[in-house]
Amino acid sequence: MNKIIIETVEQFKELENKQDTFLFFKNSVTCPISQGAFDEFNQFISEHNEVPAYYLNVQTARELSNYIAETFQIKHESPQILLIKNKEVVWNTSHSNITYDKLKKAVLQ
């Protein structure tokens, strides 16, 4: 599965109702740290295409980004990645902690 962009709260709610487990990446299109983390995310999902993967760009989906932070009570950061299972965040990290190896450990454990 390739990554799919989610841009609205409604799309995210639909996603939660159809996927039990998925990765969700909060990306900043203007931040070099975010680009590096996005590259790690892309490498992971390209080699593990069985993992449902979604993302947003904070510049164009601020309402959704805020909704996620409020709903899951997790401070907004970007870049940030969340592993969501049964509508709960079971793992998250941000910035330079987003690496292929950490994704592999968190998702495939």
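**Chatting through a predicted fold**

Tutor: The secondary structure of this protein comes to four helices and five strands, and the model is a predicted one.

Student: In what order do the elements run from the N terminus?

Tutor: They run β-α-β-α-β-α-β-β-α.

Student: And what does the C-alpha trace span along its principal axes?

Tutor: About 30 × 30 × 25 Å.

Student: How much of the protein counts as buried?

Tutor: 45% of the 109 residues. As for contacts between residues at least 6 apart in sequence, 65% of them join residues at least 24 apart.

Student: Let's look at helices. At what angle do H1 and H3 pack?

Tutor: Helix H1, residues 9–18, packs against helix H3, residues 62–72, at an angle of about 50°, and the axes are 9 Å apart. Angles of 65 to 115 degrees count as roughly perpendicular and those under 35 as roughly parallel, so H1 and H3 are oblique to each other.

Student: Which residues meet there?

Tutor: From H1 there are Val9, Phe12, Lys13 and Glu16, and they meet Glu63, Leu64, Tyr67, Ile68 and Phe72 of H3. The residues of this contact divide into six nonpolar, three charged and no polar.

Student: Staying with H1, which of its residues are buried?

Tutor: Val9, Phe12, Leu15 and Glu16. Looking down the axis of H1, these buried residues fall within an arc of 115°, so they line one face of the helix.

Student: What covers them?

Tutor: The cover includes H3 along with strands S2 (21–27), S3 (53–57) and S4 (80–85).

Student: And what is exposed on the other side of H1?

Tutor: Glu10, Glu14, Asn17 and Lys18 are exposed there.

Student: Switching to H4, which residues are buried in that helix?

Tutor: In H4, residues 100–108, the buried ones are Tyr100, Leu103, Ala106 and Val107. Down the axis of H4 they fall within an arc of 135°, so they too line one face of their helix.

Student: Which exposed residues does the face turned away carry?

Tutor: Asp101 and Lys105 are the exposed residues on that face of H4. Over the buried residues of H4, the cover includes S2, H2, S4 and S5.

Student: Now a loop residue. Where does His48 lie?

Tutor: His48 lies in the loop between helix H2 (32–47) and S3.

Student: Is His48 buried or exposed?

Tutor: His48 is buried: its relative accessible area is 12%, and buried means under 20%.

Student: What does His48 touch?

Tutor: Leaving out residues up to four places away in sequence, His48 touches Tyr100 and Leu108. Tyr100 is also one of the buried residues of H4.

Student: What does Lys87 touch, not counting residues up to four places away in sequence?

Tutor: Lys87 touches Glu16, Asn17 and Phe72. Two of those take us back to H1, where Glu16 is buried and Asn17 is exposed. Phe72 is in turn one of the H3 residues that H1 meets.

Student: And how far apart are Lys87 and Thr71 in space?

Tutor: They are 9.9 Å apart, C-alpha to C-alpha, with a sequence separation of 16 residues.

Technical notes. Residues numbered from 1 in each chain as written. Predicted model: local features only at pLDDT ≥ 70, side-chain atom pairs only at ≥ 80, totals over all residues. Heavy atoms only, no water. Axes fitted to C-alpha atoms, helices over the stretch in contact; angles between N-to-C directions. Helix = DSSP H or I, 4+ residues; strand = E, 2+ residues; numbered from the N terminus. Parallel < 35°, antiparallel > 145°, perpendicular 65-115°, else oblique. Contact = heavy atoms within 4.5 Å. Nonpolar A, V, L, I, M, F, W, Y, C, P; charged D, E, K, R; others polar. Buried < 20%, exposed > 50% of the residue type's maximum accessible area, 1.4 Å probe, protein only. Arc of directions from axis to C-beta.
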